[in-house]
Every structure is written in structure tokens, then in C-alpha cells.
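Here are some exercises to work through with the model on your screen. Try each task before you read its solution.

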There are 4 protein chains.
Amino acid sequence: MQTTHPPESHGPGHALERLIFFSDAVFAIAITLLIIEIHVPEVHPPFTDAAFLRALAPLSVEFLSFFVSFFVIGAFWAGHHRAFDCARHWSPKLVLPNLCMLSAVAAMPFFTAFSSEYYGHRVPSALYAFWMMLIALANIWVQRLATSPPVVGEQVSEAHCRVIRQRGVATLLGTTCAFAMALVLPFASQMTLATIPLWRMLLQRVSRPRG
Amino acid sequence: MQTTHPPESHGPGHALERLIFFSDAVFAIAITLLIIEIHVPEVHPPFTDAAFLRALAPLSVEFLSFFVSFFVIGAFWAGHHRAFDCARHWSPKLVLPNLCMLSAVAAMPFFTAFSSEYYGHRVPSALYAFWMMLIALANIWVQRLATSPPVVGEQVSEAHCRVIRQRGVATLLGTTCAFAMALVLPFASQMTLATIPLWRMLLQRVSRPRG
Amino acid sequence: MQTTHPPESHGPGHALERLIFFSDAVFAIAITLLIIEIHVPEVHPPFTDAAFLRALAPLSVEFLSFFVSFFVIGAFWAGHHRAFDCARHWSPKLVLPNLCMLSAVAAMPFFTAFSSEYYGHRVPSALYAFWMMLIALANIWVQRLATSPPVVGEQVSEAHCRVIRQRGVATLLGTTCAFAMALVLPFASQMTLATIPLWRMLLQRVSRPRG
Amino acid sequence: MQTTHPPESHGPGHALERLIFFSDAVFAIAITLLIIEIHVPEVHPPFTDAAFLRALAPLSVEFLSFFVSFFVIGAFWAGHHRAFDCARHWSPKLVLPNLCMLSAVAAMPFFTAFSSEYYGHRVPSALYAFWMMLIALANIWVQRLATSPPVVGEQVSEAHCRVIRQRGVATLLGTTCAFAMALVLPFASQMTLATIPLWRMLLQRVSRPRG
């Protein structure tokens, strides 16, 4: 991944757009593949309404996991979107961290299926939260590159970039809490992800004096 | 999802385009994943033409459901397309409603498979129609944002936006009818979706005196 | 699908681009999903080279079908590409035919898997060829719209549009031959698709005197 | 695939962009489908932490293969990206080689699953490496077209194109080594892919005198 790229050979953003596009496609596929892990339940005759509702009841956990993972991947996508919205210049150094992040995102359907099939057990819950910590770390790496020179646009304010990076850190803190909770109270691990906005507010308050 | 976005840092539509692009990809994947729920039937020797046709016969219901869901998702995509065609300005408030709508669309392969495997039964048919009501509601939410300030383009006429929103309401009314029908006559539920154009015409006639 | 679209509210090609984009995504997903119908063969110990080769042998038919379907969908994609390359203006009339074509393309993984699992039998082979005839018909419909007013660009020559439409007809003739062959000699049906370039040359020779 | 395309009928890069876009989508889907070959392991009660860890242990090989294939496909995507970054003019001659390459990429989930399920055996490892050699060959073919007239942009330096082509050759040499290693020491085959950067450096050193 050398910097052999002649920057003058193309208009701004062309190579960048293709990277963004490819990332969007991987995010979209990973997010949509989550559903194929939820299988149609077997219902046996007589096909009463009660029989169907009984067959659907155990799926509620799988649907909960589907939505949590959908919105978590969606939030990472939104963070990627936010960071690359500041990017204006291509750098081949973006390729490897971005692929690392995408590979972690692409693996989410497995960890979602594993943690929802054995819902509330320590190892699957902790693995799920741990994997999200990995995505959050890769996310911070990618966002730092996208909001720093030479990638960031000249007219993007430093304050705006700092907010984006803070949100990345807040996500890492939230997923770390979810991991810690999974070790103690596996059932409550997914709920702990809801602390992410709290971390974000805390970090904003802490950093304000500087600004 | 704060409005920390500096609107001056990018040309019109860039952030918007990425949201549209991501939505298109999720729509496209959900619509194409529908087919993987239809499995190749088992045929046993002797492999006569009659044996193959007998094995294919029960798939007719699954193909019917495939096409209904394909065109329903296609219609929601067309509605999304129509609404965002009026959008010109990015707003971070679009992200959450759009993700809600996409999560409901992404879950369609499950509900399609469930209702087609137990075709004509009340719970699967009602659940299928209920899920489409949820998509229709999210669709109205997203379309309202896309056709209102600050997102809508200044040169887009109010009349044009009203037509788009009316179509969203017509879709909700049609899916509500399909849900009601599923409770009474499950077999006729999918056909009831065909009332959507009727609701559209009715709403247009009702709203015309105002205009 | 009324023509309530204000053509002045957006630059040329924006709505069109989104339709093209969505189509590309569906083509790409359908073409890539073909592989998931090929399952890893079961090999039992002792794991000798011969045991693996014996287990792989029956997959040769599935790989043949994979490649035939891949290049057939790829050819339809290239035809779509060619036709929309001439398009410059949006028309809401494009939505329905395009969705019809995409739904037929999206169903290809099923027909590919069915015909390759029961390779050389009449019903699966005929169904496969018949389905491609449907795609070819939808393709002609879409291509005609894309290469005619009001969609076609003013600077695109009539001769160029005629060539594109001829290729669509040649594809239909080739798939019709494959269907006829499937009824008589199912094994030879896929090979008959190779007549498509011959039909193309024939049609070009026939139409030349006019030009 | 005749050159009936009127080059004057569209701005530079439009047809090219659609080819690039379609390729990106196929790369993204193939790379993300890799995960669905990893199935949730069955765990039986009592659900102790040890039981989960024992069930996960055999998946380590599958995850290793997932990541190797992810980064290999990612590297081919990056190479495609690099080559088409130099392309400025459309040529219908790009379609067939590009489809050949994409069909080989799309088949990777099968070969990844096969070689990881029977990890360390000669036939699956050799087949995996052989398939990557095919992709590397198709890659060289596509890259040569994209970095040569009439496709390449006039302002792109010959030196830059040579570097891109050298990297394609280095990838072929690395995958050939992996294939040779698979025949002798199947376990070490995947690791041999790590020689690709060495080949790249070697080729650069050899070609420098010329420049």
C-alpha cells in the first residue's frame, strides 16, 4: 500500500468515493444478512392461532438481537458517513484500516446469531460485546484517518472533527461497558449499549472547557 | 444525532446521496434475498415429467409470495425514490427514521417465508400485513422529512410534495385493509393490497377541492 | 405510476441514476447469490486425494450451471447498461418494466439450482430456459423504453438504438431455441444459448439493407 | 461485444462508472457472503462457559479462512480500484474480462468454505490456491486493459501504470507459490500468500534499472 498514487490524475474525491461506496455496500449487505439467521419456525397441525403464537414466542429474542445489531451496524455506518463527510483527499493508507473495520462488520451476522441462539449465556454475550469493541476500535482508527490531514478537507473545522472522534470514543466506552456487563450479568449486556449516548454527553461536557 | 453538521463544508446532496445510496443497497439486497427462502424441491426417481411437475406445484404459493413481496418492496423503493427526488439538503434527522424503515424492509424475507410456508393461516397472514403497515408508517415518517424544510429543495412545488405524501397514506390504508382482511379471510389478505391504487384515487379526489 | 414528476425540479439523470444504481445492485446480488446454492460436499475419512476428487466430481455440473447463469445474467446486465447509456431523461414509466425484469433476474438462483440439481431432465431444463425467455422479454420491454422518447438522449443516433434493440431480440431468439431444445434434448439446452451471437449476426445482416 | 458505442453521446466515465460500480457491488457481496458459511455451533446443556469455549474452538480455523479470504478479496478489490483509477475512457472490451474476474471472485465463498472445512488437506488447499491463481490471472487481464489505450487517461504516467501491473504479477507469483506449497505442505499454503509483498519488492528492484 505505497503512496504511488498520482494525486493530480483525477478530480477530488473520485478514488475516495469508490472507497466510500464499497464500504456502504458492505455495511448494507451485513445489515441485511442479519435476517437470514432467523429461520421460519416449525408449526405442526392443528394450525390454530395459539399454535402459531407459541411457535413465534421464542423468536422474540432473535428479533430483539436482529434490531439491536441492525441499529448498532447502522450507528457505525452513520459514524463512517459522518467521518468521510469531512474527507476530501484520497490516501492509500485508508484502505487497510477500512478493510479491517469492514471485515469486523461483515462478521456481525455470525455473532448476532450465536448470541441470540444462546441468549443470556456469558460466553456468547461477552463475545458479541467483545466483537463490537473491535469494530469500535477499528472505527476510531478509520475516523482518525478520515478527519486528519492529508485526507480531511481544508475547510472542515477542527471542532467538528473533534466531535466526530469523541463519538467514536463514546461508542468504544459503551461497548466496553457491555462487555464488562456480559461477564457479570449476561442478560443485561445488550441494554448496556444504551449507555453510549451518556458517554457522549459526558465526553462533550469534559472537553468543553478546552474549546 | 445532533445537528453538529457544518452545512457549508460540502456541496449540496453529497451526504444525502450517501444516505440514498445506502438505502438503495438495503432495498436491493432485501428484495433479492427473498428468493433464497424458496428451496429446490426434492424429487425422487423415476424422474418423469409428472414427478417434476408434482414437486413444483406446492411452490406456486411461494412464488406468488415472492412476487407480491418483490413488488411491495419495489413500490416502497419507488416511494423512497420519489420522496428523495425532492430532497436537496442534508439533515442528520433523516438517519434514524430511515434506519427504522430499512430495518423493517430488511426483515421482509422472514415474514414472506413465514406467511408463504403457512399460506392462508390467520397469524402468518396477519403478521405479514402488520409488518407492511409498520413499513408504511416508517415510510410516511421518512417521506414527510424528505418533502419538508429543511430537507426539501426550494424549487419543489408544495403540490408535488402533497401527492407524494398522499401516496404514502394510501399505502398505509391499503396495508391496514390487508391486515383487517387477514383477521377475517386470511386467503384474501394479499389480494387486498391491490386496493392501494383505489385509496390513492380516493385521496386525490378528496384533496382536489382544496387545491 | 402517474407522471406527476416535475421535470424541472432536478438536473438531468438524477432520478435515472438512482434507477440504474438500484438495478445494478439487484443484478450484482443475484449474480453473486448463485454461489450459495453450491454446497460443500461431504467427504468421509480416510481423507485421501482420491476421496476429495470423487466428492468434487458431481459438482462439475453445478459449476457449469453457475458459470452459464453468471454470464447470462452478466449479459443481461451488459444489455441494460448499453440501453441506459442512451437514456438521458427520467420517466416514471420505467419503474414497472424495470421491476418486472429485476424480479425475473432475482429468481435466477432458484432456477439455476433446480436445473443443476436435476441436470439433463426435461422439466428443470425447460423451466430454466423458459425463465430466461421471460427475462429476455422484460429486457426488450425495458430497452425499448430506454432507447425511445422521452427517455432517450437527443444526440443518440437511431442506428445505435436499433443495434441495441436487435441484440435484445437476438437474446430472445436464442433463449427460445434453448427452450425448444430443452423439450427435445434437455442435455443440449444450455449449449443452445451459444446461438445468441449467431442470431445477432443474422439480424444485423437482414436489417442492413434498410439502413 | 462490438464497438458500436458512440463515444460522443455521453460525458467521460459514465459507462465506465457503471462498470466500476457493478464490480464494487459484486466484490462487496462476495466478501460479505463469506460469513454465512460459518454456522453457529451446537452447544448442549449444561451451558457452562467451558462448553461454549469447546464448541467455539473448531471455528478458529474457519475464522482464519474468513479473514484470509476477506483480505485477499479486499486486496483484489484494491487492485481493481487502483487500475480503474487510471481509466478515463469506456471500452466495451472491458465487459468480458471484468465479468470473468467477477465470476471467479463470486465463487470464493465456496472455495473458502471447502478449504476451511477440510483444513490442511491437499486437494482443498490446492483448489483454494488454484482458484486464487485464476483470479490473479483475470486481474492481470483486466488491469492491462484498464491501464492501456484506449481506456487509460492521457495524463496518467506510464510509470504509474507499470507499478500497478507489477503488483498484479506479484499477486500471481504469490498465489502460484501458495498453490505449489499446497501440493507439498497443505497446512502452510495460506501462509505462503504472505510472500506477495516480497515478490512486489523483488519485481520493483528488477525493473528499476529500466526506469
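One term first: a crossing is left-handed if the near helix is turned anticlockwise from the far one by less than a right angle, and right-handed if clockwise. This is a predicted model, where local features need pLDDT of at least 70, side-chain atom pairs count only at pLDDT 80 or more, and totals for chains, interfaces and linings use all residues. Residues are numbered from 1 along each chain as its sequence is written, while chains are lettered from A and ligands numbered from 1 in the order in which they are written.

**Exercise 1. Get to know chain A.**
Work out how many helices and strands chain A has.

Solution. Start with the elements: helices (H or I, at least four residues) and strands (E, at least two) are DSSP runs, numbered from the N terminus. Chain A turns out to have nine helices and zero strands. Next, take its dimensions: the C-alpha trace spans about 70 × 40 × 25 Å along its principal axes. Then look at burial, where a residue is buried if 20 or more other C-beta atoms, placed from the backbone, lie within 10 Å of its own. Of the 211 residues in chain A, 51% are buried.

**Exercise 2. Look at two helix pairs.**
Find the angle at which α6 and α7 of chain D pack, then do likewise for α3(A) and α5(A).

Solution. Axes here are lines fitted to C-alpha atoms, for helices over the stretch in contact, and angles run from 0 to 180 degrees between N-to-C directions. In chain D, α6 (residues 122-146) and α7 (residues 158-184) pack at about 165 degrees, with axes 8 Å apart. Angles over 145 degrees count as roughly antiparallel, and α6(D) and α7(D) are therefore roughly antiparallel to each other. Their crossing is left-handed.

Now for α3 (residues 59-84) of chain A: its axis and that of α5(A) come within 9 Å and cross at roughly 150 degrees. That makes α3(A) roughly antiparallel to α5(A) too. This crossing, though, is right-handed. Contact means that the C-beta atoms of two residues, placed from the backbone, lie within 7 Å. On the α3(A) side you'll find Val61(A), Glu62(A), Ser65(A), Ser69(A) and Ile73(A), which meet Met108(A), Thr112(A), Ser115(A) and Ser116(A) in α5(A).

To sort residues by class, count Ala, Val, Leu, Ile, Met, Phe, Trp, Tyr, Cys and Pro as nonpolar, Asp, Glu, Lys and Arg as charged, and the others, Gly among them, as polar. The contact of α3(A) with α5(A) then has three nonpolar, five polar and one charged residue.

**Exercise 3. See how the chains meet.**
Which element of chain A gives the most to the side that touches chain D?

Solution. First, the totals: 29 residues from chain A and 33 residues from chain D take part in the contact. On the chain A side, α1 (14-33), α4 (95-106), α5 (108-117) and α6 (122-146) each supply at least two residues. The most comes from α1(A), with nine residues. By class, this side has 21 nonpolar, five polar and three charged residues.

Technical notes: Parallel < 35°, antiparallel > 145°, perpendicular 65-115°, else oblique. Buried ≥ 20, exposed ≤ 12 C-beta atoms within 10 Å, placed from the backbone.
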